Amino acid sequence: MVNTTIHKISAFLSKDIIIFLIMSLLNFSFINYDWGKDIKSRDRVHKNISDIFNSSTYTINSISHDFYTISESERIVGYFIVPSAFSKYKKFDYLIIYNNFAEILKVKILNYRESHGFEICNQRWLKQFIGNNSDSEFEFNSKVDAISGATISVNSLKTSIFKKTQNLKIIINE
Amino acid sequence: MKTKTIRKTLIMGILFSTIIIATAQNTAQKIIGSNQGLHIGGYGQIDYNRTINDDLNYNAKLDVHRLVTFLGYNFNEKTSFVSELEFEHVVEVYVEQAFLSHNIRDNFSINAGLMLIPMGIQNLYHEPPTFNGVERTNIDKYIVPTTWREMGASVNGRIMDNTLSYELMLVNGFNGYDGEGVFTGNKGLRSGRQKGAESYMTAPDFASRFSYVGIPNLNLGLSTYFGESESTAYNGLDLSDKNAVASADSTIIGINMMGIDGRYQKGALQLRGQYIVADLSNTNQYNTFTGKDLGSKMLGYYAEAGYNLLSEKETNNELIAFARYENYNTHKEVEEGGISINSNYDRKDVIIGLGLKLAKGAMFKIDYQIQSNGNSNPRTDQINIGTAVWF
């Protein structure tokens, strides 16, 4: 009796569960980017924070939704986040630094991997996000120029920054 | 039977709930499965074309010109597989791209497989909502010739603080001779594209592109291509047989191509220009051997201006009015002592049209083309209407 049950279970397990396992592996095979573990990115994040706030004595603290607070002498002076977004096929990682009113102080692309759309790495173009505080996605987008040949990356970055900023505003108002 | 159905339902249920949970996390892209990993997209171009003539009636042509699926997979942060599968005119199936890409550093990657040759704007950026006009430009069709993709390996990278990108590529060349000649005076090198379908190669060709984006709102490009066309006459060739070698040498041509292009976009205004010249050598020998009429120099250029008429309105829609002048000549020069120039091949197009963008990646287009050539032939007018989608 036991033998046939085991036989039935193993028959059940063999074919379909393999398919399920493969699908699950595809689901979870990609390791999420951890900026803290990437020395180069970690250094760049800290360099940008210390430049913006003119400080080497700040501390950071992880809060919800991947945000971090930046504090000076027990007082929160700003926030930052290192989100990822997609260019055409590959992912890129970038940094947003906010003041304590959720206003954007800086956007910097940390890792851009795709061969196309790298125009978004240009600091002069990224300046258009600074102080772009609109709660209307249309108005937010209209304040940043389009780039011919980099449409996907531009739209991806705009959508991502807008969404993250809205999240931060919600967190602050709680 | 019953247990089998229950088992299958259970498995599918688990699969679908994983997929639903995963996609709920990320609305910015169409990704199935996890946060990253499998990546699906696509584009489509559906056309209506009709020749207009005062004296004669012409039928209209309606065509699902292109339907393309991107299928990409990111194995990890550094390695990706990129592919584009294409249906052309509903029944022709092609692969447009299929290559493995590995980022050695963020700003430097190596790629191998079937890749787009980086010549000109539309060969690289050909998703329909990214260009004005229902069809791709005739210069890109006849001179480039788009969609030009071949097998090989490349490196690409960015320098100068992400303002200059470069791509260097070694690929197989055009099929110039496979028992009979392939190139023609009318279509240039277009029929020689191997497209990765059991391509063959005698020796690799070299392609490169440099893009400069340091000037705000401007994207400048320089493309080159050097090599010789391929020929089946070199397969199983006895290199000590001088006659056979001389004969095989008559079935290939040398190709020296260079292109410069620029795109400017600020606010409602978009400007675009491209200039491509191709110097072909050994064309007399080739024409004599194959009976073809290939020119020794092909030249094409265009200038285009577009303006978004809805830029002042509070809307995501765009209504782009544009005008373009194209000149492409596959017989700019012919080799001395051979065929004579066919002035029918010196072609000019003037196009004016409108594009209505309803959403990011969804457009209706309409345009009117006036085509003429260097001879005293009367002009041909054509009206085009189409849908362009990209997701």
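Start at B:Gly291: just after helix 5 of chain B, this glycine takes a positive phi of about 75°. Before going on, a word on the model: it is predicted, so to speak of a local feature we need pLDDT of at least 70, side-chain atom pairs count only at pLDDT 80 or more, and totals for chains, interfaces and linings use all residues. Residues are numbered from 1 along each chain as its sequence is written, chains are lettered from A and ligands numbered from 1 in the order in which they are written, and side-chain values use heavy atoms, leaving out hydrogens and water.

Now step back into helix 5 itself, residues 283-290 of chain B. Which of its residues are buried? They are B:Thr283, B:Asn284, B:Tyr286, B:Asn287 and B:Thr290. These residues cover an arc of only 165° around the axis, which puts them on the same side of helix 5 of chain B. (The arc is that of the directions from the helix axis to the C-beta atoms.) There's a handy rule behind this kind of pattern: an α-helix has 3.6 residues a turn, so residues three or four places apart point the same way. And what covers the buried residues of helix 5? The cover includes strand 8 (175-177) and strand 13 (269-281) of chain B. As for the word "buried", it means under 20% relative accessible area, while exposed means over 50% and partly exposed lies in between, with a 1.4 Å probe and protein chains only.

Let's zoom out to chain B as a whole. It has five helices and 18 strands. Its radius of gyration, taken over C-alpha atoms, is 24 Å, close to the 21 Å that the globule rule gives for 391 residues, so chain B is as compact as a globular protein of that length. That rule is 2.2 Å times the number of residues to the power 0.38. Buried residues make up 49% of the 391 residues. Look at contacts (heavy atoms within 4.5 Å) between residues at least 6 apart in sequence: in chain B, 59% of them join residues at least 24 apart.

Strands 7 (164-171), 9 (205-212), 10 (218-228) and 12 (254-266) each give two or more residues to the patch. B:Phe226 lies in strand 10, and at 37% relative accessibility it counts as partly exposed.

Most residues other than glycine have a negative phi, and most peptide bonds are trans. Where do we find cis bonds in chain B? One runs from B:Val144 to B:Pro145, with omega near -10°, and another joins B:Thr146 and B:Thr147, with omega about -5°. B:Pro145 sits in the loop between helix 3 (138-142) and strand 6 (149-159), and B:Thr147 lies in that loop too.

Positive phi turns up as well. B:Met160 has a phi of about 55° although it is not a glycine; it is in the loop between strand 6 and strand 7 of chain B and is partly exposed, at 49% relative accessible area. Over in chain A, A:Glu74 has a phi near 70°. A:Glu74 belongs to the loop between strand 2 (68-72) and strand 3 (75-81), and it is exposed, with a relative accessible area of 83%.

Note on methods
Helices (H or I, at least four residues) and strands (E, at least two) are DSSP runs, numbered from the N terminus.
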